[in-house]
Amino acid sequence: MDDVTPLKQCRLTRGWSLAEGAKRIGISESALSNLEHGKRHGSHEVQQRASEVYQKSVDELFFA
């Protein structure tokens, strides 16, 4: 896999499907896909939830 973002790598490392990751963060699958492909950065609230779910900082997940 080329150009896997840190957000996507965290999900894949846990063995979660896109649906599972989205459910845990509380967003739609399409929203998570957009975040993982860098098409969107998400609201501060979504970034914080992802940070909690993946136990990584917002910077590590979205701005690395």
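**Charged pairs and rings: a quick chat**

Guide: In this predicted model, the side chains of Arg49 and Glu45 meet in a salt bridge, 2.5 Å from N to O.

Visitor: How many salt bridges turn up in the whole structure?

Guide: A search finds 3. One of them joins the side chains of Glu20 and Arg24, at 2.6 Å from N to O. These two are 4 residues apart in helix 2, residues 18-25.

Visitor: What about Arg11, which residue does its side chain meet in a salt bridge?

Guide: That would be Glu36, at 2.6 Å from N to O. Arg11 lies in helix 1 (residues 6-13) and Glu36 in helix 3 (residues 29-36), so this pair ties together parts 25 residues apart in sequence.

Visitor: Are Arg11 and Glu36 buried or exposed?

Guide: Both are buried.

Visitor: New topic: how many aromatic pairs are there?

Guide: The search of the whole structure gives 2. Among them is Phe62 with Phe63, a tilted pair with 6.5 Å between centres and 50 degrees between the planes. Phe62 is buried at 11% relative accessible area, while Phe63 is partly exposed at 47%.

Visitor: Last one: what lies over the face of Trp16?

Guide: Arg14 does, at 5.8 Å from the ring centre.

Conventions:
Residues are numbered from 1 along each chain as its sequence is written. This is a predicted model: local features need pLDDT of at least 70, side-chain atom pairs count only at pLDDT 80 or more; totals for chains, interfaces and linings use all residues. Side-chain values use heavy atoms; hydrogens and water are left out. Rings of Phe, Tyr and Trp (its six-membered ring) pair if their centres lie within 6.5 Å; planes under 30 degrees apart count as stacked, over 60 as edge-to-face and the rest as tilted. Buried means under 20% relative accessible area, exposed over 50%, partly exposed in between (1.4 Å probe, protein chains only). A charge sits over a ring if NZ of Lys or CZ of Arg is within 6 Å of the ring centre and within 35 degrees of the ring normal. A salt bridge is a side-chain nitrogen of Lys or Arg within 4 Å of a carboxyl oxygen of Asp or Glu.
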